[in-house]
Amino acid sequence: MTPFTQEERTIIADAITHAESKTSGEIVVVAAGASDGYRSFVVLWAALIALAVPLPLILATNWPVEYIYLLQLAVFFLAALLFQWEPVRFALVPKPVGRARAHQRVVEQFLAQNLHTTRGRTGVLIYVSFAERFAEVIADDGIYRKVRPSVWEEVIAELTGHLARGTRTQGFVKAIEMCGEILAEHFPPGHADEDELPNHLIVLDMYGGA
């Protein structure tokens with residue numbers, strides 16, 4: 001994930017502030033480089049490749065078993081070293097596994113960012129994980145009682161479209177605006193609204209650190 005510039009962060013923060021000015025709801029935006037390190041897949045694929053080494057050598061050569069074993073070890077360590085490179089490592093992860101891990105991180109972030117503690121349970125989380133090419137919008141119970149799930153799918157489609165085109169800042173801004181319009185329709189601002197959650201972009205590394 002290319003680091004966000006200060007200008008990008010300011011644009012996104014301003015979009016959150018503007019959207020929340022029209023509603024009593026809260027919008028939190030989280031961007032992650034990856035939702036998991038997937039280190040276990042490095043070992044798994046390196047082991048599978050190394051396990052395929054002995055049989056053809058046994059059938060086609062007269063090498064001593066000790067040589068074959070040493071070559072097998074060498075293949076395992078070289079493969080494990082190669083698979084540490086992030087583009088290769090993430091490519092080894094099956095898409096369903098990546099999406100499941102990313103969704104798990106969404107739920108964790110919903111709780112970690114205290115979206116479940118807002119008055120009226122009107123918090124919305126916009127989450128993007130770049131390594132998995134994954135985006136999700138998750139809302140609290142108070143919103144789900146009034147807003148049908150397909151509405152959030154439209155927000156995700158808009159956001160992922162921008163991410164695919166490389167216009168991530170515009171994608172975040174558009175998603176924030178759409179969430180703000182949805183919240184404003186069902187949860188207009190009250191007389192004593194308080195900004196309960198941070199309005200800035202929260203950026204996580206692949207291990208979940210901010």
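Biologist: How many aromatic pairs does the count come to?

Modeller: This is a predicted model. Ring centres must lie within 6.5 Å to pair. By this rule, the count comes to five.

Biologist: What is the geometry of the aromatic pair formed by Tyr-38 and Phe-90?

Modeller: Tyr-38 lies in the loop between strand E1 (26-32) and helix H2 (39-51), and Phe-90 in helix H5 (residues 86-91), so the pair links parts of the chain 52 residues apart. The ring centres are 6.0 Å apart and the planes make 90°. Since planes over 60 degrees apart fall in that class, the pair is edge-to-face.

Biologist: Which charged residue sits over the ring of Phe-4?

Modeller: Phe-4 forms one aromatic cluster with Phe-130 and Phe-172. The charged end over the ring of Phe-4 is 3.8 Å from its centre, and it belongs to Arg-168.

Biologist: Which strands stand at the edges of the open sheet?

Modeller: The sheet has four strands in the order E3-E2-E1-E4, with mixed pairing. An edge strand has a single partner, so one side of it is left without a neighbour in the sheet. The strands at the edges are E3 (134-139) and E4 (202-204).

Biologist: Which strands does helix H9 touch?

Modeller: Helix H9 (residues 168-186) packs on the sheet, and its direction makes about 155° with that of E1. The strands it touches are E1, E2 (123-129) and E3.

Notes:
Residues numbered from 1 in each chain as written. Predicted model: local features only at pLDDT ≥ 70, side-chain atom pairs only at ≥ 80, totals over all residues. Heavy atoms only, no water. Phe/Tyr/Trp six-rings, centres within 6.5 Å; stacked < 30°, edge-to-face > 60°. Helix = DSSP H or I, 4+ residues; strand = E, 2+ residues; numbered from the N terminus. Lys NZ or Arg CZ within 6 Å of the ring centre and 35° of its normal. Pairing = 2+ DSSP bridges. Contact = heavy atoms within 4.5 Å. Axes fitted to C-alpha atoms, helices over the stretch in contact; angles between N-to-C directions.
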